Amino acid sequence: MDNSVNDYYAYCDNNIIDWKQEAEAVIRDVAQHVRHISVSTDLPPTRTESFINITTLDGKQMCVKLNAEGLQIVGDMHDTKDEECSSNHRYETPYALLSVVSSYVNSFGNSLVSALSKLEQKTAQEERLSDIE
């Protein structure tokens with residue numbers, strides 16, 4: 001193996017990354033911005049990677065590999081790895097991946113507007129209560 005591959009495996013071994021746990025963290029982060037997201041059951045996590053099934057809000061299915069290099073789309077259906085589908089493009093974050101393949105930006109923007117509206121309402125209510133006292 002060349003040095004970069006050896007360095008990659010040494011990184012994974014020395015830092016003992018639990019790739020299933022990493023995938024579950026990604027799932028928690030973006031679940032409200034996709035129709036479906038889960039850890040693949042047909043492609044089990046290994047010591048170097050895990051696979052996540054995603055269905056975007058637009059209905060597009062994909063299987064995404066998560067490892068120390070980032071996220072990479074490896075299949076155009078859940079639980080699949082297809083050499084022809086795999087690109088060399090890696091995404092550093094799930095947000096970067098979703099902003100390219102789905103309407104994530106709109107979903108995130110709507111979520112942000114909703115959170116800010118709730119905060120504004122709460123602040124206004126607290127101000128009204130303090131005026132009464």
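Me: Which pattern does the protein follow, read along the sequence?

Reply: Helices (H or I, at least four residues) and strands (E, at least two) are DSSP runs, numbered from the N terminus. Here the pattern is α-α-β-β-β-β-α-α, from four helices and four strands. This is a predicted model, in which local features need pLDDT of at least 70, side-chain atom pairs count only at pLDDT 80 or more, and totals for chains, interfaces and linings use all residues. Residues are numbered from 1 along each chain as its sequence is written, and side-chain values use heavy atoms, with hydrogens and water left out.

Me: How many cavities of 30 Å³ or more does the structure hold?

Reply: On a 1 Å grid over the protein atoms alone, a cavity is a set of points where a 1.4 Å probe fits but cannot get out; lining residues have an atom within 4 Å of a point. Grid points are joined across faces, edges and corners, and the volume is the space filled by probe spheres set on the points. This structure holds one cavity of 30 Å³ or more, and the space in the largest cavity is about 40 Å³.

Me: Which residues line the largest cavity?

Reply: The lining consists of Val26, Val30, Ile52, Ile54, Val64, Leu71, Pro94, Leu97 and Leu98. Two or more lining residues come from each of helix H2 (19–30), strand E2 (49–55) and helix H3 (94–101). H3 supplies the largest share, three residues.

Me: Where is Thr80 found, and why does Thr80 count as partly exposed?

Reply: Buried means under 20% relative accessible area, exposed over 50%, and partly exposed in between (1.4 Å probe, protein chains only). Thr80 lies in the loop between strand E4 (70–75) and H3, and counts as partly exposed because its relative accessibility is 22%. Of the 133 residues of the protein, 33% count as buried.

Me: Which residues is Thr80 in contact with, leaving aside neighbours within four places in sequence?

Reply: Contact means heavy atoms within 4.5 Å. By that rule Thr80 is in contact with Leu43, Cys63, Val74 and Gly75, once neighbours within four places in sequence are left aside. Cys63 and Thr80 are 17 residues apart in sequence, and their C-alpha atoms are 6.1 Å apart. The Thr80 side chain also reaches the backbone oxygen of Met77 at 2.7 Å.

Note on methods. 1 Å grid on protein atoms, 1.4 Å probe; cavity = no way out; pocket = protein on both sides within 12 Å on 5 of 7 lines; lining within 4 Å. Polar contact = N/O pair within 3.5 Å; in protein donor to acceptor, adjacent residues only side chain to side chain.
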